Amino acid sequence: MHEYSLVQAMFDRIGEAVRANRALAVRRVHVRIGRYAGVEPELFRAAYDVFRVKTFCADAPLDIEDASGDELLLERLELEVP
Amino acid sequence: MCDSCGCGDSNVVPFEVHERLLAGNDRTAAHNREHFHDHGVIAVNLMGSPGSGKTAVLEATAHALGREARLGVLAGDLATDNDAARIRAAGIVAESITTGSACHLDADMVHRGLHHLPWRTLEYLFIENVGNLVCPAVYDLGQDANVVALSVTEGEDKPLKYPTMFRKADLVLVTKIDLLPQLDVSLDTIERNLKAVMPHPSMLLISSKTGSGIGEWIRWLRGCGTRRLGACAAAAGAGAAL
C-alpha cells in the first residue's frame, strides 16, 4: 500500500507548484505510471481520491497514462490562476 | 489561457512538471550515497518476502566475514527489534528501523537510522528491508547494490509474479537450498524465471544453515568492494551470471 505514500509525495510537489504560481486551485493532474513501476494504478487512484478531499485538488480529475517501463512521473498540472 | 486541454477557460494554465513522484526520496538517496562513497562504505539493500531468510543470510555473513571486515546492519521491521537483536548476537553492530505500518524503507528512514550506527567506520552496510516483494523495490535508499533473497520454499514463480522487484535486483540469493530434498521445486525453473525478468540475471544458491554457497556470496560482496559504484552486477557476472 505504498501508493498512499506516493500520493503524499505527489501532493507535496503539487503544493509547491500551487504556491509558486499563486494558483487558486488545481483543475487536472496528469501522471504516467509504467507497468514495472511497482504501482497499481487503481490503488493510486483510490489513494488520490482519499487525499484530495478538501484540498486544492478537490475538483481535479486524475489522468493516469500507461507506460512500458518503470516510469513514475508527475507530468503536468492544470492550474486555476487569478 | 489554457491552450492544452481545449477547455477555453482563460484562468486555467498548464504547468509542466515532468518529475519523478519520488524526486524528494531520490534527493535524499543521493545524499546517502554521497555519504557512503565519501567514507568508503559499500551499501547493500537486502530485500525479500517475510521469511525468505534475509536475517539468516546476515547472520551467516557475520560469521563468515565479520572478523575480517567491519559490517553493520540497519534492519527494517514493522514492530519489533528481533532481527537486529539476532544480528547483534552474531557479533556485528545492528539497529532497527521500526516502520510501524509502513511496508518499505525510504531514504529518509535510512538517513535517520544512520545516526544510531557507527556507519562511517564500516566497510559494508547492509540495509535489511521490510519483508515485502512489492513496495521496497520502488524506493532508492542510496545503496550500491540490490540483493533479493528468494527461498526455495516460496516456489518457482515469484520472479514472474513480482517482476518489478526482480528487475531491480543485481543479485538473487536462492536461500534454504538444504530444504530442496523435501520440496517439489525445480532450480532450473527458478533460473529460467529469473532470466525472464532480470536485465542481468545473476543468482547464487545458498544455505545459511549448512553454509553452502556462503563463500561465493562473500566473494560477490568482495567484488562489490573492489569494483564499487554500480559495478556489483558486473562483479557478479564473473561468477554467478545465469
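In the predicted model described here, Leu79(A) stands opposite Val13(B) in S1(B), where strands (E, at least two residues) and helices (H or I, at least four) are DSSP runs, numbered from the N terminus. Two strands are taken to pair if DSSP finds at least two bridges between them.

Residues are numbered from 1 along each chain as its sequence is written, while chains are lettered from A and ligands numbered from 1 in the order in which they are written. Because this is a predicted model, local features need pLDDT of at least 70 and side-chain atom pairs count only at pLDDT 80 or more, whereas totals for chains, interfaces and linings use all residues.

The sheet that spans both chains is open and has four strands, in the order S2(A)-S1(A)-S3(A)-S1(B), with mixed pairing. Its edge strands, strand S2 (62-67) of chain A and S1 of chain B, each pair on one side only. From one strand to the next the twist averages 15°; axes are lines fitted to C-alpha atoms, for helices over the stretch in contact, and angles run from 0 to 180 degrees between N-to-C directions. Within chain A, S1(A) and S2(A) run parallel and are joined by six bridges, and Gly34(A) has Ala67(A) in S2(A) as its bridge partner. H1(A) packs on this sheet, touching S1 and S3 of chain A together with S1 of chain B, and its direction makes about 35° with that of S3(A).

Turning to the interface as a whole, 23 residues of chain A are in contact with 24 residues of chain B, contact being counted if the C-beta atoms of two residues, placed from the backbone, lie within 7 Å. On the side of chain A that touches chain B, helix H1 (3-20), strand S1 (25-34) and strand S3 (72-80) of chain A each supply at least two residues. S3(A) gives the most, with nine residues.

Chain B also holds an open sheet of seven strands with parallel pairing, in the order S4-S3-S5-S2-S6-S7-S8. Strand S4 (93-98) and strand S8 (203-205) of chain B form its edges, each pairing on one side only. Strand S3 (residues 71-77) of chain B pairs with S4(B) in the parallel sense over six bridges, and Val73(B) has Ala94(B) in S4(B) as its bridge partner. Helix H4 (residues 107-114) of chain B lies across S3, S4 and S5 of chain B, running at about 135° to S4(B).
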